[in-house]
Amino acid sequence: MLPGRKDLLGIQELSAEDIYEILDLAAEMKEKVLSGDKKTYHLQGKSVVTLFYENSTRTRLSFELASKYMSSSSANITASGSSVQKGETLIDTGKTIDSMGTDVIIIRHSAAGAPHLLAKNVKASVVNAGDGMNEHPTQALLDMLTIRENLGGFEGLKVAIVGDITHSRVARSDAFALTKLGASVFIAGPETLIPRGFENAGNVTICKSVEEAVIDADVIVNLRIQLERQKSALFPTIHEYSEFYGMDQKRLSLAKPGALIMHPGPVNRGVELTSCVADSEQSYITRQVTNGVAVRMAVLYLLCREA
């Protein structure tokens, strides 16, 4: 994995072979996650620190559990309870953590490129747990694991990504991964929430409607409306968004029978998805969460193995 590199900063820098290596190991790790005895010793003697400048439940907890399941020493730092509030810079914070013998730093930050800056200034391996409106590589990897488990592969698949594309690092990382692996990506959402040039991410088509995007789709990835990232009103009302872009049974019926419904969470029920869709047999949202632990175990192991 990542020959010549010590970090996982984005999907864009990975080859298809790199992605498959992670997915293969994650499939093995998942067996451990689902077993009665989750303890392994893959990271015994290693130390892992999560450094989160943004709120998170799923991502941070899954990284923490992944490191603990593999017997590492782990600690977590949030910006609200650290020297960041006293004016300490990211680089100084990173060097402080690095000086304590840390092997892996997992960072989530509101500024795009923050993990890359940190990686240049520390000896520890750095994992990007989401940076601004850039990437979220481990979310994409768990999405790829979920798709491969249930559909067998990626070649020739049609994947619809629906919602707030502009503010979604998940959309970018998913598009990079899916197109590298042979799938076609179809994007839909309000015009004000689709950035210019997104089709340059690979085999990506911008659609004029959700219906156009989801027809005959194998997978539908619904994105959370990220009101906290929006600086102005980019659509009139939540009700209007739900009416024109929300996933309901009628729109779902346009996809292939048994199409996978996915969402990075947390779900705004009645906005991005109706409860009927979110709780249906086609919903893989909770299984994505399980796969998140397995993928993060695989990433941590591979980075520490290369160290």
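Predicted model: local features only at pLDDT ≥ 70, side-chain atom pairs only at ≥ 80, totals over all residues.
Residues count from 1 along each chain as its sequence is written. Local features need pLDDT of at least 70, side-chain atom pairs count only at pLDDT 80 or more, totals for chains, interfaces and linings use all residues, and side-chain values use heavy atoms, with hydrogens and water left out.

**Exercise 1.** Work out which residues of Glu149 and Lys30 are buried or partly exposed, and which helices their salt bridge ties together.

*Solution.* Start with the contact: Glu149 and Lys30 form a salt bridge, with the closest N and O atoms 2.9 Å apart. Helices here are DSSP runs of H or I, at least four residues, and strands are runs of E, at least two, numbered from the N terminus. Last, check accessibility: Glu149 is partly exposed at 39%, while Lys30 is buried at 13%. Buried means under 20% relative accessible area, exposed over 50%, and partly exposed in between (1.4 Å probe, protein chains only).

**Exercise 2.** Find how strands β1 and β2 run, and which residue in β2 partners Thr50.

*Solution.* First, take the strands: β1 (residues 47-52) and β2 (residues 73-78) run parallel, joined by six bridges. Strands pair if DSSP finds at least two bridges between them. Then pick out Thr50: its bridge partner in β2 is Asn76.

Key. Salt bridge = Lys/Arg side-chain N within 4 Å of Asp/Glu carboxyl O.
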